[in-house]
Structure formats: C-alpha cells, structure tokens
Amino acid sequence: MAKILIHSLIFAPDGVSTAYLYSDIARRLHDEGHEVVVLSTTPHYNIVEDELARQPMRWKVPGLCKQSDYHGIRVYHIPQKKFKSTALRLLGFVYWHIIAFIIGLSIRKVDVILSPSPPLTIGVINNWLKKLKGCRTVYNVQEIYPDILPKKEGTVVNALKKMERYVYNKSDAVTTIDQVFYDTIAGRFKDRTKLHIIPNFVDTGLYNPANCDTSVLDRTMFPETKSLKVMYAGNIGFAQDWQTLVDLAKVTRDEDIEYFVIGEGVMKPWLEEQKAAEGLEKIHILPYQKRELMPVLLAYSDVQFIFMSPQMEGQGFPSKVYTIMACARPLMVCSGDGTPIVNFLEGKGCALLDTEKEQTAKVEKMHRWLKAQTPSTLHEAGERGFEVIEKEYSKDIVTGQYLRLIENLCK
C-alpha cells in the first residue's frame, strides 16, 4: 500500500467544491487501504459552522499548524484568512507555501503527492519536495493558469508561463478535467503520455432526484409559487456574467418567471444594486445555504442557470454542472462555442446552450426558450442529464480513476 500526501489549498471542513471533491478522493484512497495525509489550510473560503463542529481542529504546533481528523485521515491545517488587502493576501499566500514546504519535508516515506490547481505554485513546491523525498507527483489542472488571467502578455505572465511548463514537465502525471482543457495544454508537454483526462464528479448518494423534500425549506426565502423558478447557487463572482441575468430579468419582468441567486461573492453587492436600480423584484438574492440543502434547492427550482463570463469562459468548468444533472434538473447555459461547459453538455439533451455573442440575441434566445418550456419538457431534459451522470460521472467511477492512476505510478 502507498502513502499519499494530498496537498491542497482547500480541504474539509472548508465548504467549497474543491474541498468536497478532494475530501471524497481522500476517502476513496483511504478506504482502499492506502495511507493518506492531507496538507491544507484552515477554512477561509466558505466557513460552515456545522462542518467545523464535525471536524474540530487543534493546534499541532501553536501558531503554525493545526491538525484534524477526517474519517481517519490526518489533516494538517496552516492558518489562513481571506484578507481584503492585496498585500496581506500575498503575504499570507507566501507564508502558506513556506510552512507547507517545511511540513511536507517532515512527513516521512511519502510515495505520491497529489494536488489540484489553483494555485500553479503548489505544483512547484510539490516538485521540490519530490526531488528531496524521492516520491512521485500528480498535478490536477482544474483551471488553466496563466490563460485565465485578463492580461495575456507581460513580465509576470511570461514568468507564469515558464512556471506552468516546469510544473507540467516535472510532474510524473498531470490530469485535467475536459477534452478542451487537454487540447489547450497538450502542446506544452515534452511527453504527452503524462497527460490524462479525469473529469470531476458528483456524490450521487447526496445529489439525486429522490432527495427532494422541499418542505424543509424556509418559505420566507423560498415561497410556494407557480412561477417558473430559475436558480443559480454558488459563488457570485467574476467568472459569471451577471449583466446577462439583469438583462434577462428586465425582458421577462411581465412573465411568470422568478430568479433565485444563492451564495456570496464579490459581485453580490453589484447585483443587489442593479436589482434596486432596475426595480427587478423577481430576482431573489439569498445567502449561502448548507450543502445538505442543495439537493432540496435543486428540487425546488425548475431550471438552473450558468452564465459564463466571456473573459473567463474558456479556462474554467463549473463543477455544479454535475450536481444539477445528478438531481435531474435542466440547465440554461450561456458560453461561447468550444468552451469546456458547452463541449461537455453538447448533445446530451439536458440544457439550452446559448452561444450567441450579441447581447440582445443572447437574451432573446433564452426568453423564447423559457416561454416554450412545460413541466413535461423540463422533466424529460432533467432525466436525460441524470442518466449521463449515473453512467459516467458518479463518485465511485471517477475516484476509481484516480485510484488506478496512483497505483500505476507506485508500480
């Protein structure tokens, strides 16, 4: 059996998608008999009190590192905060890398180090550890850096491009989540056989059509209504195109359609301002909800929407696509031709894929589609998505791919 170090910026009990993803991978590797150790941070992206209570952290080295137990897996947490100041964020980031490197050196007899991006720099640290410890490294590309950055040229960008190639070519294996991502980065490898496609996945034990008792919802936030309920739940950030939601709500203000936006993020104040300025009472902007409620929220909705920002649509793939499909809900997606989300959903019959570039045409296409939907057409689309998830993207199927990759490296 191998000893596997998972080195991730985010891990349980942080309440974000990457934390859930890597927590499930860690449990599968542990359950198969491998020794798993995790090196991460204290929760700072999305702090969920219930999760903290289930996985308490205690100081291992006062002031430097905490430790917790995640289903029998030892987890080291380096303190981090979500500072508003850019300088403090950068300082905290550097501090995390230094302490992580020191702790990584102290963990003995590691066979494989597995890490997700971002950040790109975590791959550098791991390959330094690899050289000193004589182990192997697996780097998982969730987002493509520096491609995702607004600037495409310059000293910093050029340095990141060199760093990216160093990480790819020094790692023993690199995984990415989609054929579009694979095609984008394949030319950056000296040896393409290192590059593998392993998609993200969904816990179908939690996310499934049967987990849909909407009576548990707070009716002050989620009223019983006969309106068509169009929902987004997740980070309200720059990766999403919120102007398109505002424009769609304006066009449909006289229709029996309501929009629900659930979560937190840097664009939430802007969206609240637009709602007030335009008098868009049918947009409901609500706080983050517990993960356990997500299947119920999906069941409450009729359609889930994802509007990708044109500036970032080619370098990211929202993992919520899997959870939506697992709960048999149809999607309404705005993104460009050939982007990862369009590439994934095309031909599956469970989503409207709006690839229009001109804003009026884009909004009108969605308006027509929403007006044409019936309970029957929405149900059929949702079922088609659910069937795809069951066959190809369940937790057991995909974590099994990571298991085989790591075991092959150890051989």
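This is a predicted model: local features need pLDDT of at least 70, side-chain atom pairs count only at pLDDT 80 or more; totals for chains, interfaces and linings use all residues.
**View 1. P118 sits in the loop between β6 (112-116) and α4 (121-133).** Going from S117 to P118, the peptide bond is cis, with omega near -10°. Move on to the bond from P118 to P119 and you meet a cis peptide again, here with omega near 5°. P119 belongs to the loop between β6 and α4 too.

**View 2. K3 is a lysine position to look for in strand β1, which covers residues 3-7.** Is K3 buried or exposed? With a relative accessible area of 12%, K3 is buried, because the cut-off for buried is under 20%. What does its side chain meet there? A polar atom of the K3 side chain lies 2.6 Å from the backbone oxygen of R108. Leaving aside residues up to four places away in sequence, K3 touches E35 and V37, along with I107, R108, K109, V110, D111 and V112.

**View 3. K109, one of the residues touched by K3, has a positive phi of about 60° although it is not a glycine.** Look for K109 in the loop between α3 (86-106) and β6. Its relative accessibility is 68%, so K109 counts as exposed, the cut-off being over 50%.

**View 4. H71 is another non-glycine residue with a positive phi, here about 50°.** You'll find H71 in the loop that links β4 (65-70) and β5 (73-78). At 46% relative accessibility, H71 counts as partly exposed.

**View 5. Six strands make up an open sheet with parallel pairing.** Reading across, the order is β12-β11-β10-β13-β14-β15. Which strands stand at the edges? They are β12 (283-286) and β15 (351-354), and each has a single partner strand, so one side of each has no neighbour in the sheet. From one strand to the next, the twist averages 20°.

**View 6. At the β12 edge, the partner strand is β11, residues 257-262.** The two strands pair in the parallel sense over four bridges.

Conventions: Residues are numbered from 1 along each chain as its sequence is written. Side-chain values use heavy atoms; hydrogens and water are left out. Buried means under 20% relative accessible area, exposed over 50%, partly exposed in between (1.4 Å probe, protein chains only). A polar contact is a pair of N or O atoms within 3.5 Å; within protein, one must be able to donate a hydrogen and the other to accept it, and residues adjacent in sequence count only if both atoms are side-chain atoms. Contact means heavy atoms within 4.5 Å. Two strands pair if DSSP finds at least two bridges between them. Axes are lines fitted to C-alpha atoms, for helices over the stretch in contact, and angles run from 0 to 180 degrees between N-to-C directions.
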